[in-house]
Amino acid sequence: MNEINPKAVIGTNAWGDALYGKVLRGSVVDKNTLKAAMKMANEINLRVVDSARDYGLGKGPKLIGECCPKEMMISSKFTPFKKYKKGSIRDSVIQDLSDFGREMIDIYWLHMPNDIKENLTDIIELKKEGIIKNIGVSNFNIDECKIAKNVLEEAGIPLYAVQNHYSIIEREWEKTGLVDWCRENDVGFWAWAVLEEGILIGPKKKNEKSSIIKLLYNNRRKKLEPLFEVMEEIGNYYNITIAQVAIAFVANKGIVPVCGCRKPYQIKELKEAVDIRLKDTEMKILQDTADATNIKILGSDIFRFAVKNSSSSR
């Protein structure tokens with residue numbers, strides 16, 4: 001069994017400077033607000049934050065180091081956009097440790113399936129040195145996950161988890177068998193973009209702050225209104241919001257939702273959502289209604305264009 005078993009994870013992709021927050025995320029959050037949110041998260045046992053070197057245009061990791069209590073665990077990633085180069089992962093991890101103010105990273109992910117064996121071999125070296133505790137993969141399909149699992153097992157290391165895009169309207173990884181494969185192999189499954197970058201918070205409101213993502217997908221958002229009606233009805237029964245229903249749906253699938261949080265109320269709502277136990281009938285109507293809309297926002301494999309050499313072996 002995995003030693004780190006979070007019910008939910010705090011995403012930090014929206015953590016950045018004022019310009020980043022305003023232009024890309026629609027609002028600015030100051031450092032004191034982030035600190036208050038993380039203090040609450042630590043107190044209510046939501047103690048895992050998820051990061052990557054490029055989050056917040058590079059500002060995210062530094063903010064984690066400044067705002068997160070030392071009791072909290074950190075998940076970070078290496079994104080292999082460029083051709084494999086020995087030492088690149090070590091350099092990235094050293095920078096992470098400096099930004100986080102830590103001596104170890106609790107979970108480290110290969111963020112894309114390029115040069116799988118070579119990159120994982122470098123991550124394995126760092127784990128053996130005690131710098132990394134657990135190893136996962138992100139944005140991998142089932143065949144790539146099997147390659148990763150074999151590489152790790154040859155070194156006597158289990159694959160900790162897979163982190164892919166999954167939401168109530170994007171369940172492709174169930175259809176391909178990846179979610180079941182993870183369960184069968186005691187591999188966790190984490191879901192990023194559970195709220196589809198804010199689209200699944202419900203119908204657009206007059207005073208709602210816009211982000212680039214919301215502006216791009218507002219037309220599709222309107223077509224989700226039948227789903228929002230069902231989510232609102234279920235939410236009213238449990239006294240939770242539409243967004244919390246979207247999170248609860250994922251959690252009730254046995255999947256770990258990774259949800260961006262910058263404010264204390266968002267931490268509180270995340271904890272409430274993952275503690276909800278939806279009925280089987282509610283899960284079915286949510287799933288059937290979501291399927292009937294036939295709407296996709298980000299897509300299950302949005303980064304596939306950047307995968308160039310998943311099965312390389314030197």
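**Strand barrel and helix packing in a predicted model**

Thr 79 lies in the loop that links strand 3 to helix 4 (88-100); helices (H or I, at least four residues) and strands (E, at least two) are DSSP runs, numbered from the N terminus. The structure is a predicted model, in which local features need pLDDT of at least 70 and side-chain atom pairs count only at pLDDT 80 or more, while totals for chains, interfaces and linings use all residues. Residues are numbered from 1 along each chain as its sequence is written, and side-chain values use heavy atoms, with hydrogens and water left out.

When neighbours within four places in sequence are set aside, Thr 79 is in contact with His 111 and Met 112, contact meaning heavy atoms within 4.5 Å. The C-alpha atom of Thr 79 is separated by 15 Å from that of Ala 148, which is 69 residues away along the chain.

The strands form a closed barrel of 8, in the order 1-2-3-4-5-6-7-8, and their pairing is parallel. Two strands are taken to pair if DSSP finds at least two bridges between them. On average, neighbouring strands of this sheet are turned by 30 degrees against each other, direction ignored. Axes are lines fitted to C-alpha atoms, for helices over the stretch in contact, and angles run from 0 to 180 degrees between N-to-C directions.

Strand 2 (residues 48-50) is joined to strand 3 (residues 73-78) by 3 bridges in the parallel sense. Asp 50 has Ser 75 of strand 3 as its bridge partner. Ser 51 is placed in the loop between strand 2 and helix 3 (60-67). With a relative accessible area of 0%, Ser 51 is buried; buried means under 20% relative accessible area, exposed over 50%, and partly exposed in between (1.4 Å probe, protein chains only). Residues up to four places away in sequence not being counted, Ser 51 touches Thr 12, Pro 61, Ile 64, Ser 75, Ser 76, Lys 77 and Phe 100.

Strand 5 (residues 132-138) runs parallel to strand 6 and is joined to it by 2 bridges. Ser 138 has Gln 163 of strand 6 as its bridge partner. In strand 6 (residues 161-165), 5 of the 5 residues are buried, so this strand is largely enclosed by the rest of the structure.

Strand 8 (residues 256-260) is also mostly covered, with 4 of its 5 residues buried. Strand 7 (residues 188-192) pairs with strand 8 in the parallel sense over 2 bridges, and Trp 190 stands opposite Val 256 of strand 8. Strand 1 (residues 9-11) likewise runs parallel to strand 8, with 3 bridges between them, and Ile 10 stands opposite Cys 259 of strand 8.

Helix 12 (residues 264-275) packs against helix 11 (residues 242-252) at an angle of about 45 degrees, with the axes 8 Å apart. Helix 11 and helix 12 are therefore oblique to each other; angles under 35 degrees count as roughly parallel, over 145 as roughly antiparallel, 65 to 115 as roughly perpendicular and the rest as oblique. Helix 11 contributes Gln 244, Ile 247, Ala 248 and Ala 251 to the contact, and helix 12 contributes Glu 269, Leu 270, Glu 272, Ala 273 and Val 274. This contact has 6 nonpolar, 1 polar and 2 charged residues, where Ala, Val, Leu, Ile, Met, Phe, Trp, Tyr, Cys and Pro count as nonpolar, Asp, Glu, Lys and Arg as charged, and the others, Gly among them, as polar.

Helix 2 (residues 31-43) also packs on helix 12, the axes coming within 8 Å and crossing at roughly 25 degrees. Helix 2 and helix 12 are therefore roughly parallel, and their crossing is right-handed. Thr 33, Ala 36, Ala 37, Met 38, Met 40 and Ala 41 of helix 2 meet Pro 264, Ile 267 and Lys 268 of helix 12. By class, the residues of this contact are 7 nonpolar, 1 polar and 1 charged.

Helix 10 (residues 225-238) packs against helix 11 at about 90 degrees, with axes 8 Å apart, and the two are therefore roughly perpendicular.

Definitions and conventions: Left-handed = near helix turned anticlockwise from the far one by under 90°.
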